[in-house]
Amino acid sequence: MELKDKLVSSFLAFENTVDVDTAVHDIRSQAIKTFEEKGFPTKKEEAWKYTSLNAVLKHDYSIFPKEENALDFKDIKKYFLHDLDTYKIVFIDGKYSSHLSETTHDKIDVCLMSSALTHEKYRPIIENYFNKVARKDGLTSLNTAFSREGAYIYIPKNKLADKPIQIIHFSTGNEAAQMLQPRNLIIVGENSHVQIIERHQSLTDNPVLTNSVTEIFADKRAFVDYYKIQNDNQNASLIDNTYIEQHAQSVASVHTFAFGGNITRNNLNFYQKGEGIDSILNGITIIEGKQHVDHNTLVHHTEPNCESHQDYKGIFGEKATGVFNGKIVVNKEAQKTNAFQSNNNILLSDKATINSKPQLEIFADDVKCSHGCTIGQLDDNALFYMKSRGIGEKEARALLMYAFANNVLSSVKIPQLKSRINKLIATKLGVNIGFDL
Amino acid sequence: MLEIKDLHASVEGKEILKGLNLNVKAGEIHAIMGPNGAGKSTLASIVAGKEEYEVTKGGILLEGEDIEDLAAEERAHKGVFLSFQYPVEIPGVTVTNFMKTAINETRKAQGLEEMPAKDMLKKIREKSELLEIDRKFLSRSLNEGFSGGEKKRNEIFQMAMMEPKLAILDETDSGLDIDALRIVANGVNKLKSEDNAIVVITHYQRLLDYIVPDFVHVLYDGKIVKSGTKDLALELEEKGYDWIKEEINA
């Protein structure tokens, strides 16, 4: 059976396992209809021209988590930022792991989507926010239909989340092939701050497909910093759908560190609903082999005096392929918008590919919008210069690549995370030099 | 220190060095002068190990060892230093961290431990004072947005940090005003010892007023055609290169 048919026909069985007497029931039912109608995207759609899901959709995925699988912290410690005190929401094969997690209900809620979807006290919030900013496309609707588990974070107004929050999904391979559909809802009240680090980590060579949806609401003057670490193994594919609604004078940033996996697709959408908003989208992609990373971004400016800043750097080795498709929409009302986008790429081999496409739709006349895209190779003169100072070929190349990506790293606000990313990059580039540039 | 014997070298099939001989002993300063296109910068790049050049005949010995098969970084580990005519801009790498990496990678290759951070800082402070370099300058990206003079001063700062056995200064004087020239020359002179050697490549006699050579060579059409003492540089300054060309062609 095709995966689509399997999913659609499993919906009734899924409904038997969840409480249908909730507001979410109608949303789920509508969503499965939408998915049935739209299905998975194909290369015929403009937004999916360079990314084919065909190969990853062929596996016979199990779509419901079956049994609880325990992991020892010591075996997976390296995937955590463990030198920093954080809240943790950890899932193993789609099921919540209480012994690896550290949640809270003290002034702020850092807990589970499954609680928020079922407990009466969260009902008003779910009704107000759940599935509101998410687009109703096939993949998001599929996630909505099967939405049951994920992270639920609620920061009321004038609160500072006292430590960063890590959301980590492990897959262990106790199924031959596994599909995961985490659903996160993050609400940040007026003047409140939160920092979140998200990671998907497969511990198996069995195929894993994750179709994740995250909705984020940043109320007036809220600060949201979201960091995505994508450094998964060769058989793990990720479709990340993130939707952020920002209100007046809020600042939201998303950093995406795409260092590997099979197919990684990031649909990152910012919707500005107020004046004086700043949206920041930064990314570093370093991949090789036959890995594929596709960044599809949207920033929608609807009101005056807002800004957006996009800076994506890509380094592609061997037969790796990359896509950057950055769309900026500026409504007629959104005068004095400053929207900047830059996408710089280095191809390390003749067989590596990058498709980079800016898409600007500007209806206001008093705006500053710029976009720039470069594709190049490492500079031989710079390599010789470094080598002539005693720095070996591999280290010189790594240093140049690191320097190329460095300005994106400099905006990471958590020092421990920055040093972790530094180490990941050094490992990626096969060198053992400290990059505290 | 450096012995170049009958060196022939070409790039993309075009022969640039045509049988060059040069013998530089420890403790000596040699100046190589010559008209544009004579092969001066090619010589500097070949000694430093740039791969685009093909050595077709002859050899380069450093302290008696043939270095032809060594990569640029291996030559640096053995004490070769090139002050670039056109230093490369490397955005994202600060001067300080470039030097830390260069020194520690060199120490690693020599089987030494990394230099302790305290010693490194001390050395950076000393050498930047020697070249009268502002501390703020050291945290800027390497050569990015530097003026011509700042780039050259930064090259000599790197030389001071690396403490090479053989330093080749390729037109270090170009882009320097007279004050900067004095500072750079003073730095070079302080680094000079009985154990190292310096080859100064220049068009003009001006630099040689400050860095006084033991020998002056004229490079023309891929060969050293005339050698002498520092008086030769003065003569060249006064009379230009035409009389040498005429001598050769006669």
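Over residues 2-246 of chain B, the predicted model is 36% helix and 29% strand, with the end C-alpha atoms of this span 30 Å apart. UniProt assigns the feature "domain: ABC transporter" to these residues of chain B, in an unreviewed entry. An open sheet of 6 strands with mixed pairing is found in chain B, in the order β6-β9-β10-β3-β11-β12. The edges of this sheet are formed by β6 (80-83) and β12 (223-228) of chain B, each of which pairs on one side only. From one strand to the next, the twist averages 20 degrees. At one end of the strand order, β11 (residues 215-220) of chain B pairs with β12(B) in the antiparallel sense over 5 bridges. Within this pairing, K223(B) in β12(B) is the bridge partner of Y220(B). Helix α5(B) packs on the sheet, where α5(B) touches β6 and β9 (166-170) of chain B, and the direction of α5(B) makes about 170 degrees with that of β6(B).

The packing of helices in chain B was examined next. Two packed helices are described by the angle between their axes and the distance between the axes. For α5 (residues 148-162) and α6 (residues 178-191) of chain B, the angle is about 10 degrees and the axes are 10 Å apart. An angle under 35 degrees counts as roughly parallel, and α5(B) is therefore roughly parallel to α6(B). On the α5(B) side, the contact is made by G149(B), K152(B), R153(B), I156(B), M159(B) and A160(B). These residues meet A180(B), I183(B), V184(B), G187(B), V188(B) and L191(B) of α6(B). By class, the contact of α5(B) with α6(B) comprises 8 nonpolar, 2 polar and 2 charged residues.

Chain A is divided into two parts, domain 1 (3-273) and domain 2 (382-437). The C-alpha centres of domain 1 and domain 2 of chain A are separated by 31 Å. To the contact between them, domain 1 of chain A gives 12 residues and domain 2 of chain A gives 9 residues. On the side of domain 1 of chain A that touches domain 2 of chain A, at least two residues come from each of β8 (193-202), β10 (223-231) and β12 (251-260) of chain A. That side of domain 1 of chain A has 7 nonpolar, 3 polar and 2 charged residues.

A UniProt record, also an unreviewed entry, places the feature "domain: SUF system FeS cluster assembly SufBD core" at residues 174-404 of chain A. This span of chain A is 9% helix and 61% strand, and its end C-alpha atoms lie 40 Å apart. In chain A, 10 strands form an open sheet of mixed pairing, in the order β2-β1-β5-β8-β10-β12-β14-β16-β18-β20. Because β2 (95-96) and β20 (368-376) of chain A each have a single partner strand, one side of each is left without a neighbour in the sheet. Strands β12(A) and β14 (residues 278-287) of chain A run parallel and are joined by 8 bridges; S253(A) has I280(A) in β14(A) as its bridge partner. Helix α10 (residues 415-428) of chain A lies across β8, β10, β12 and β14 of chain A, at about 25 degrees to β12(A). Helix α9(A) lies across β14, β16 (307-316) and β18 (338-347) of chain A, at about 160 degrees to β16(A).

Between the chains, 19 residues of chain A are in contact with 23 residues of chain B. On the chain A side, α8 (380-387) and α9 (393-409) are the elements that give two or more residues. Helix α9(A) gives the most, with 7 residues. By class, this side of chain A has 9 nonpolar, 6 polar and 4 charged residues.

How values were computed:
Residues numbered from 1 in each chain as written. Chains lettered and ligands numbered in written order. Predicted model: local features only at pLDDT ≥ 70, side-chain atom pairs only at ≥ 80, totals over all residues. Contact = placed C-beta atoms within 7 Å. Helix = DSSP H or I, 4+ residues; strand = E, 2+ residues; numbered from the N terminus. Nonpolar A, V, L, I, M, F, W, Y, C, P; charged D, E, K, R; others polar. Domains from an automatic or database assignment. UniProt positions renumbered as here; feature names shortened; annotations may be inferred. Pairing = 2+ DSSP bridges. Axes fitted to C-alpha atoms, helices over the stretch in contact; angles between N-to-C directions. Parallel < 35°, antiparallel > 145°, perpendicular 65-115°, else oblique.
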